[in-house]
Structure formats: structure tokens, C-alpha cells
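I would like to go through charge pairing and nonpolar packing in the structure on the screen.

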Amino acid sequence: MQRLTKAFGGTSGLIQIAVIAAILMIVLPATTEIFRLNLFGKYLTYAFVAVGLVLCWGYGGILSLGQGVFFGLGGYCMAMFLKLEASTPEATKIQTTPGIPDFMDWNQLTELPWFWEPFHSFAFTVFAVVAVPAFFAWLIGYAMFKRRVGGVYFAIITQAIAVILTILIVGQQGYTGGINGITDLRTLLGWDIRTDGAKYVLYYACCIALLLCLLAGKFIINSRFGRLLIAMRDQEDRVRFSGYDVANMKVFVFVMASVFAAIGGAFFTLQVGFMSPTFIGAVASIEMVVFCAVGGRLSVVGAACGAFIVSWAKTSLSDSFPQIWPVVMGALFIGVVMFFPRGLAGLVSDYGSKLMPGRKSRSKPSTHKPDTASRSAAGTTPQEPA
Amino acid sequence: MSNAMILEVEDLGVSFDGFKAIDALNFYVERNELRVVIGPNGAGKTTLLDLICGKTRATSGKIKFKNKDLTKLSEHQIVHAGVGRKFQTPSIYENLTVRQNLELSSPGGRTVLSSLFFRRTARLNDRIQEIAETIYLVDELDLSAGLLSHGQKQWLEIGMLLIQDPELLMLDEPVAGMSVPEREATAALLNRIKENRAVIVIEHDMDFVKDIGRKVTVLHQGKILAEGPMEKVQSDERVIEVYLGH
């Protein structure tokens, strides 16, 4: 049992997750009406991306400015299934070609494209939500990391891929729904996802999936692989000349981050009811990095909270002042990088150790994971990737 | 001949944009030998180590280690073959503890899956303890490596290589920036760890070289200028001219 808790970062780590679970699954549903809860569910889908970025960027030092790509691939896979289910011949009988999605009919397509066919199957869709982004991430990662492309170059390339994918989706309107995205989604295996009851169920499903991702993230960080990520970020050559195939390690963490993002994207489609290129492009991808930075890129729980809080702030602010939001977000990013590089999680752990001075001396010298307090005492805040 | 030699470098050459950093070099190291490589700046000492450990790729020639051609292997495969290399500036993981630094360098858990589900065994704990004693860092095991002094960082990196138990250990200026007592401790350390393995040391400090060196190789402009016992090399006129004289 003790071994098991240790694998997830000790008791304090599990307590954090338990607190998050209680807030998400008891406090919020008890205090908010379903319209707002559904919005909260939407914010939570970004938390998946943020958790992935903690592993990939915070620990591994690999800054990806294209996580929207994987969020989008996951979301589009789910949307394709839902769209096919909503496009029964009866529901689309006024179209020239009944039985295909409405936007295809508008674009003079007369039959379903081959790559849409497998999405009639729900089992395939669930598989594709994970496998398509994972394969894509593996391809990008393998091509880049085997050639030792890293740092800003990797960031720029991922950003470019996000732009390319957006242009591709917008341009291929007949196959993808174009700029409007895939809209008017109704049922999941015959179950209407637009009702209040369904929204509750989807919210809870999203929470559980997020908690599992948080646990998986904690497990990775506290394994030897997690320490290896830190080592690669700080001294890549030393890791290589200690007998590790650095590229493989990087590909793996990048694929993990992408899978997390894709799961978030699938839940986004389910809860919001549509998917469009605006959620996956360059700006959206950068926003995801900001979520992670504000929450704290060395803490999976912190980053998840950051994603939730910042997207909430975004909705509230852009309701009243739509022009101001980009400025606020830019300021937020600069502020975080300059004044609290470890984000909200860093602030909390600093104040936490000040409020509870006895805590540090009571805890035995950890042989497993340097606690944040000793790390900040060493004055070695993690360096920005070059 | 192959049996006595652990490392055979033959006709090795590398050029950077036409500049020949290593030029038709032949270099042999025996099993259980401690070899010191000296030479003026730009002689190609560090480049030679880079070529052996795979950091730089040779333009021509062969590097045979235990009859295996290293020029065809990737960096991590060269490590698996039994070559360990310490860099000139201490390369350690400052955000991890000394224990974690040693643990990460230990063999086992070198693939993605095995590192995810890696468990530290009692044997590994004993080994870490033993290495820590060798490198004078027993009391610092749970200290963040960033807090170590410069000399201790150098020792830690040597320890990170020792835990891999390499058959050929290459050290690039291990005593640079060390105080006199630290140098003496390092000399004692090297004399202890050279048992059962071949060691190549690059060094500038002549007193230190005398403390540890039996056979010395002098490099100059990518070629071997002289090779032999310290006393003989020191009295070689060409060596005095290019290196020792000033």
C-alpha cells in the first residue's frame, strides 16, 4: 500500500487529487445549475491538455505550441462519429443525397468519403480518438527528435503544424465542415446528449477521465522516467552518454501529452456539441500553454487548476469586454514568466511552507522526489528551454 | 596484439570544414592501463574523446573497442558496449539529489517501459552507497546536486560513470578548478578506480599528471608528438618546444 501511494507521489499528492475530486464532483454540481456546470465541463477539457504539457514541457523541456492539433484530432474523431449518427437518411431526406452529413451535401458531395466510413463504428471511434493523435505525434516526434531538433525550433514547427491543419480543415470544406466545423450533433448511440441529464453524465465522465489522467501524470512524474525527464531537460548530453536513447524518451512523452490532449478534445465535442477549427489553431494552442504556465508547469494538479481558472476568466471577461481578452492573456503570460515562473502551484507551495514551518523539518529527507521547498531553496528554478 | 589492447584507434581522421582536428591518428590503450593525454590547446584532445564516445563522427579511420567498431554505433550503444565519458565541465543533474543522479546513471531501466516501472533494489542501494564512499559523497547523498561545490560535482560525475562499471573510462580534465587538497583526493580516487579497467585522462596540470601517470601521450595538431613514460616525454625536445616550454 505504502509502495502504491509512493508511486503516485506520496500521501500529499493523493490528498491533492482527492480534494480536486471532491470539488469537481460534489461541490460544483451541488452549487451550480446545469448550464454553468456544462461550461465548467468545457473548461475541464483544457485541463487534459495542461496535464500533458506539464509532462512534456514542464518536466521534459519540450515546448509544443501545437497541442491544439491533438486536441482537435481527438475532438474531430468524436465529432465525425456523432455527425454520422445524426445524419440518418430520415433526418436528411430533404438533401440531394440523403444519409451523408449536411455540409457534404451543400458542397456537392454525393457519397461519404472513404475516411469517414469507419466512424460509423463507436468502438473504432474510441480507438481513433487515442490512436490517430498518438500516431501523428509519434510521426512528428520521431522525425524531429531523431534529428535532434529541439527548443525553439520544435516550438515553431509545432506551431506551424497547427496553422497548417487549420488551413487544411477550412480549405477542405466538403470533407471537414470547413470554418463552421462539424455542428448539429445530437445523439451518442441513440442517447440524446443535449438534455440536462446527459450533460450531468458527460460532466461526471469528464471528471473521472481527468482524475485518471492526473493519476497517470503523477505516476509518470514519480517514476524513474519522470526523473529522467528532468535530467534530459537539464543535461541532455549527460543522459545520452549514460546509455539512454534520448529521442525515444522524448517521443514517448510527446505522444503521452498528445493522447491526454486528444481525450480532452473528445470530451469537448461531447459537452459543447460541436467542433470547429477555431479550437485547434495557433491561438488556441498558445492559450493552452498559457493555461499550463499560469497553473504551474511542474505540477499536474496546478496546471489543471490553471486551465480551469484561466478559461473561466476568459469566458467571463470576453462576455463583457471582448477586445480586452487577448491583451489580458498576453499580460498574464509575461507576468507569470517574470514574477512567478512556477505558476499558481509554486505560489501555493511557497506560502504553504511559510504557514506550516514545522512541516519541512518533520518530513523525512525524501529519497524519491526533491520537494519543491528544497528545490526553491537551492535557487534552481527550472530553466526555460533554449 | 588485439588481445592485450582494449582500444585500437587506427588511421583516425576528422575534419571540420577542411580543418583537420585529428589527422591519421594511431592510438592504442591496453586493458588495465591508465593513460594520460596532454597537449597544447587545440591539439585535438577533447575531439579524440568525442570521436571515441560517438559525439563526433569520424571522417576516416577505425575505432575498435574490444574488437567492435565504435564508429558504426550510436552514442547509447557505445555506452552499452562499456565506454564511459566524463565531460570537461561537470555535467550533472542539478535539480536532482546525489542519490538520484547516481540511480539514473545505473544500468537497467534504460528503456521507456522499464524506466516507468523501475524499482530500486537492495543491491542497487548497496552499490550507490559503495560508489558514494568512493567519491567522498556519503553525507551528501540526499542533497540536491546543485548545492555541491565544484569539486564535488566533478566527483559526482565520476561516480555516475563508475556505477555503469565501464571497461574504458575517459575523463576530460577531472581536476580543472579544484583546490590542492581536492586534487590530491582526486588522484587517490583515480588510482583506486583504475583497477580492472582502462582509463584515459586528459589533463593540463603537470603535477597531477605525475601523481597518476605511467604512460603519457602528447598530442599536437591532431597527431601524436610523443608517447612513453612521463620522464621520457618530459625530456623530449619537441614536446618541450610545443608544450612544456612555456
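**Salt bridges and nonpolar cores**

In chain B, B:Arg238 forms a salt bridge with B:Asp236, and their closest N and O atoms lie 3.8 Å apart. By salt bridge I mean a side-chain nitrogen of Lys or Arg within 4 Å of a carboxyl oxygen of Asp or Glu. B:Arg238 is partly exposed at 45% relative accessibility, and B:Asp236 is partly exposed at 21%. For these labels, buried is under 20% relative accessible area, exposed is over 50%, and partly exposed is in between, with a 1.4 Å probe and protein chains only.

Please note that this is a predicted model, in which local features need pLDDT of at least 70 and side-chain atom pairs count only at pLDDT 80 or more, while totals for chains, interfaces and linings use all residues. Residues are numbered from 1 along each chain as its sequence is written, chains are lettered from A and ligands numbered from 1 in the order in which they are written, and side-chain values use heavy atoms, with hydrogens and water left out.

Over all chains, the search finds 28 salt bridges. One of them joins the side chains of A:Lys146 and A:Asp245, at 3.3 Å from N to O. This pair links distant parts of chain A, 99 residues apart: A:Lys146 belongs to helix α6 (residues 122–146), and A:Asp245 to the loop between α11 (236–240) and α12 (246–272). Helices here are DSSP runs of H or I with at least four residues, numbered from the N terminus. A:Lys146 is partly exposed at 35%, whereas A:Asp245 is buried at 18%.

A:Arg240 is buried at 8%, and A:Asp237 is partly exposed at 27%. Both also belong to a network of salt bridges that links them with A:Glu236, A:Lys250 and B:Lys55.

I turn now to the nonpolar cores. Each is a set of buried Ala, Val, Leu, Ile, Met, Phe, Trp, Tyr and Cys residues joined through side-chain atoms within 4.5 Å. The largest has 173 residues, among which B:Leu102 and B:Leu156 touch the most other members. Helix α3 (residues 34–59) of chain A supplies the largest share of this core, 18 residues. A second, separate core of 32 residues includes B:Val14, B:Leu70, B:Val83 and B:Ile202.

Technical notes:
Helices (H or I, at least four residues) and strands (E, at least two) are DSSP runs, numbered from the N terminus.
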